[in-house]
Amino acid sequence: MTETAPYEQLVFSGGGLRCFWHGGWVEAVQQRMEFKPRRITGSSGGALSAAALIAGREHFLADRFIEAVKSCTANFSVQDLDDEDGRSAHQRVYEGVVEDVIDSAAMGRIAEGPVFQISVSTTGESQAGATTRAVLGGSVYQLEQVVAPTPKPRLAAYAGLEQRIFDARQAARDGTLPDLIRMAATVPPAFRADQWDGEWIYDGGMVNKAPLPEPDAGRTLVLLTKRFKKLPDDAGGRVQYIQPQSPVLDGSRLDFTDVDLLHQAWEQGLDDGKTFLSRYSQT
């Protein structure tokens, strides 16, 4: 028998292939708890994790990604530089997976589901030097994650990157949700950026890996795919951060040529989800 999970809000962080940890964790926990949140947010690859949860397509997402990775022989080639579909295998693979998983049926369920918001980063309305500023922001973000990793990066803001929160349910109604999910994981220069509402948008994790919903109210569960020494404020215990017990795909989160990585991340999520349930039972 399952019980309703005591969370009004769910947050899915990004993390490349580490996001398959989400799928394993949710699968384990849902053996006992049913999630019925009022609001869900996602950043970067976490936007796809969130969409798959709402649409009930977590396993289809895993199977489709595994199929795509099996046919991917290299993460980059010189020919990618002039490929109209993207500068890297990552963009081509990700776009194809998103379009297949978030189809019209999935968008229909998402449109009728809980509040769903996707966080992105943008250089604002000014088009001058947008890509350069995004690359600079991405570079200082990567540096910060090595020197002083945090779910809420600070240095990218100095390069002119800002956070935006978009209504994913409206995008589902408009039939543009796959585009929004893909754009929300755009990492320059590997991915070509696109515009949304007149702004160039990029990976939301560069400004906030764990974006709380707007409005933000109620008990909140944040699923991180990476371990951090210091977490954001928990709002007096209202916000609960869940981290992997050990590093997930350390150094391999963007390797789209090794299908074993997906299985590894999912299995680690399963183990961590079971540990969460055992500790929850003791409280």
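Rings of Phe, Tyr and Trp, the last taken by its six-membered ring, form a pair if their centres lie within 6.5 Å; planes under 30 degrees apart count as stacked, over 60 as edge-to-face and the rest as tilted. By this rule the structure holds eight aromatic pairs. Ring pairs join W21, W25, F35, F276 and Y280 into a cluster.

This is a predicted model, in which local features need pLDDT of at least 70 and side-chain atom pairs count only at pLDDT 80 or more, while totals for chains, interfaces and linings use all residues. Residues are numbered from 1 along each chain as its sequence is written, and side-chain values use heavy atoms, with hydrogens and water left out.

The chain comprises nine helices and 10 strands, assigned as DSSP runs numbered from the N terminus (helices: H or I, at least four residues; strands: E, at least two). Of its 283 residues, 53% are buried, where buried means under 20% relative accessible area, exposed over 50% and partly exposed in between (1.4 Å probe, protein chains only). The chain exposes about 12600 Å², of which carbon and sulfur atoms supply 49%. With contact defined as heavy atoms within 4.5 Å, 76% of the contacts between residues at least 6 apart in sequence join residues at least 24 apart.

A local example is T2, located in the segment before β1 (3–4). T2 has a relative accessible area of 43% and is therefore partly exposed. Beyond its neighbours within four places in sequence, T2 contacts Q30, Q31, R32, M33 and E34.

Notes: Accessible areas come from the Shrake-Rupley method with a 1.4 Å probe; for residues, only the protein chains shown count as cover.
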